[in-house]
Amino acid sequence: MFESYKVFKYEFAGRPLIVETGKISQLSNGSCLVRYGDTVVLANATASAKPRDGIDFLPLSVDFEERLYAVGKIPGSFLKREGRPSEKAILTSRVIDRPIRPLFPKDLRNDVCISLLVLSVEPDCSPEVTGMIGASIALSISDIPWNGPIGGVMVGLVDGKPVINPTAEQKEKSTLELTVAGSEKKVVMIEAGAKEVSDEDMFNAIMTAHEEIKDVVGFINMITNEVGKPKFEYPSCEVDHDMYEDIKEFAIEDVRAALDTDDKTVRDERMAVVTDKVYAQFEEKYPDSTAAMNECLYKLQKYVVRRWLLDDKKRVDGRRMDQIRPLAAEVGILPRTHGSGLFTRGQTQVMTIATLGSVRDSQMLDGIDDEDLKRYMHHYNMPAYSVGEAKAARSPGRREIGHGALAERALEPVIPPVEEFPYAIRLVSEVVSSNGSTSQASICGSTLALMDAGVPIKAPVAGISCGLITEEDRWMTMIDIQGLEDFFGDMDFKVAGTKKGITAIQMDLKIDGLTPEIIKNALETTHEARNYILDDIICQCIDKPRDDVSAYAPKMIQTKIHPDKIREVIGTGGKVIQKICADSGAKIDIEDDGSVFIAAVDREAGYKALDMINAIVLEPEVGTVYTGTVTRLMSFGAFVEFAPGKEGLVHISKLSDKRVEKVEDVVNVGDVVKVKLIEIDDKGRMNLSIKDAE
């Protein structure tokens, strides 16, 4: 039945990688089942038969689809089925999209869909890496035009040494979480989170990854040679050459004049005039070709900017290649938020707001990895007005989620542990103006907001991006790229970190890869720029976290009780803890290990709740004086609750130093009295004395 069924095996970082083709999903253009250890991913690549009309880009989509059955879980939602993709799945889709996209033909307009279905997960064998390799194989053996293959690996840094595809245990010890994709000759994608790793260690880890990738690419080439299909022919959607040459001859000087400014608004206004002139000039010669003319103008702008950079060493706004745009930083700009910071770089402006909450405000996660709770969250919003466009607001897209995750990853290594700072932390970066690298501006703005909020971060973090222009063997980098240099350049190499080292990297590429020389240059260039931002801008604005949190932030008190005492603090049906919250005005969270987090508007309320908890969990000691409330009267004495859930008897003879005829003559229900614990009998009953307390 499965005559075309083939199995291919490869030893990948000490674990078996098995690829099966020709058995499952035979209607796709290309399909394979990839097994890495006990991790299994089904990869499918499909393409439309015809190109899509009226577009000037490749309509590629990559979907990394998590199924909770892969880890033996039932979804926690009301519907009990998977909903929208998790943030982790979206980020993985982006990581796989970035290295494969530049390798498609520039003039291909057919819809291409890559579907990666996670069927089984072994924690030691990354489904993300398995999916990336599966996508590369599915595309390589399909008939879809693509200039691959690529390979991908993860790298950890354990005891200072790079480890390929670290196990779950090794990841716990690692100071680096690096994903690298590459072809046989070049590095195509870099994504990293790190705990202040040096440039040298990062570069060595990337090169170690590429050596492993070369062998993976050789394995994929072997599969392609055996089962690969011939690539299909497609109608080229390249710009009409004659139209482009006509427009270039007519408008090139106008385009040069329009682009020669550091103000994006002025540039857009000038280009609108040039566009109208081109329409008027060529509407008779090229009727109904507005979209094609726009594409020609885009190509002409790209030509002008790249020639300026490569031939004249000239940037659009007149800066040197190593010069950053004017910078500014402010904190405390919003009166009622817990912390706020505004970071400006040229015409890019990001405002980040910090909010502190109790640990119960941590985000609950429902995914295929072991993480189920996130205490530090970072969200990023980029409205249309930030680029001067008139569009209605929409929910965050993949780009917004990706940029928020990048900023979160950059700052996570400096966030204090919950034991030192018992808060949940949410940062929201609002892009209010955008002209290049808003993700890195959000990192800088977030450092400002955290310090303004009084979060004792380990060190300030700054981010900056490096651009690239290539032409055959020529190449050059430039720091702090703005919008045009991003659109028309070949790379956006984003690096964030402290003075000590790198905390995050994300590389977007439009060419077929980077050489080691370019990577090393980009790391050196961003290092110098990062230090300048930290020393001369951020630390000049606020040099350390504020001594205390905002007056409007909850005040947190942390303690720890024996796990056996948790039941007593909570009480039957939660009665005890509810009473503590009602009487003190505080909010209380208790974890299974006995960690107690108390949140209150003011510290007095928090310490009141703490005293009440301590009274419950501390074992009563004979001879100690307590303050309690009379709960019941009997003929022989009064019962007094001297701690929540702890009650003792004051015998009538111990009510006063004088003779007492009736208990009611001395105390009544509800009276607050001081009592001394004078005895705990063999049955655990506690005898109290008002007389001895006085």
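What follows is a set of short notes on sheets, cores, loops and a few single residues.

**Ground rules**

I am working with a predicted model, where local features need pLDDT of at least 70 and side-chain atom pairs count only at pLDDT 80 or more, while totals for chains, interfaces and linings use all residues. Residues are numbered from 1 along each chain as its sequence is written, and side-chain values use heavy atoms, with hydrogens and water left out.

My helices (H or I, at least four residues) and strands (E, at least two) are DSSP runs, numbered from the N terminus. I call two strands paired if DSSP finds at least two bridges between them.

**Entry 1**

In what order do the six strands of the open sheet run? I read 1-2-3-4-6-5, with mixed pairing. Strand 1 (6–12) and strand 5 (60–65) are at the edges with a single partner strand each, so one side of each has no neighbour in the sheet. On average, neighbouring strands of this sheet are turned by 15 degrees against each other, direction ignored. For such angles, axes are lines fitted to C-alpha atoms (for helices over the stretch in contact), and the angles run from 0 to 180 degrees between N-to-C directions.

I then followed strand 1 to its partner. Strand 1 pairs with strand 2 (residues 15–21) in the antiparallel sense, over seven bridges. Within this pair, Lys-6 is opposite Thr-21 in strand 2.

Helix 1 (residues 87–100) touches strand 5 and strand 6 (110–120), and its direction makes about 140 degrees with that of strand 5. Helix 4 (residues 199–227) also packs on the sheet, touching strand 1 and strand 2. The direction of helix 4 makes about 170 degrees with that of strand 1.

**Entry 2: the cores**

A nonpolar core here is a set of buried Ala, Val, Leu, Ile, Met, Phe, Trp, Tyr and Cys residues joined through side-chain atoms within 4.5 Å. Buried means under 20% relative accessible area, exposed means over 50%, and partly exposed is in between (1.4 Å probe, protein chains only).

How many residues does the largest nonpolar core have? I found 133, and those with the most contacts inside it include Phe-104, Ile-114 and Phe-493. Helix 4 gives the largest share of this core, 12 residues. I looked up Ile-114 too: leaving aside neighbours within four places in sequence, its contacts include Leu-60, Val-62, Ile-100 and Leu-139. A second, separate core has 31 residues, among them Val-239 and Ile-469.

**Entry 3: strand 13**

Strand 13 (residues 348–357) has seven of its 10 residues buried, so the rest of the structure largely encloses it. Strand 12 (residues 339–345) pairs with strand 13 in the antiparallel sense over seven bridges, with Thr-344 opposite Gln-349. These two strands form a hairpin with two residues between them, and Gly-346 in the turn has a positive phi of about 60 degrees. Strand 13 also pairs with strand 17 (residues 424–433), antiparallel again, over nine bridges. There, Thr-352 is opposite Ser-429.

Is Leu-356 buried or exposed? Leu-356 is buried, at 3% relative accessible area. The C-alpha atoms of Leu-356 and Arg-426 are separated by 6.6 Å, though these residues are 70 residues apart along the chain.

**Entry 4: loops**

Pro-149 is in the loop between helix 2 (127–141) and strand 7 (151–158). A cis peptide bond joins Gly-148 to Pro-149, with omega about 5 degrees.

Ser-437 is in the loop between strand 17 and helix 9 (438–452). Its phi is near 55 degrees, a positive value in a residue other than glycine, and Ser-437 counts as buried at 10% relative accessibility.

Asp-480 is in the loop between strand 19 (474–479) and helix 10. Its phi is positive too, near 50 degrees, and Asp-480 is buried with a relative accessible area of 0%.

Asp-490 is in the loop between helix 10 (483–488) and strand 20 (491–497). What joins the side chains of Asp-490 and Thr-470? I found a polar contact of 2.8 Å. Such a contact is a pair of N or O atoms within 3.5 Å; within protein, one must be able to donate a hydrogen and the other to accept it, and residues adjacent in sequence count only if both atoms are side-chain atoms. Asp-490 counts as buried, at 6% relative accessibility.

Definitions and conventions
Contact = heavy atoms within 4.5 Å.
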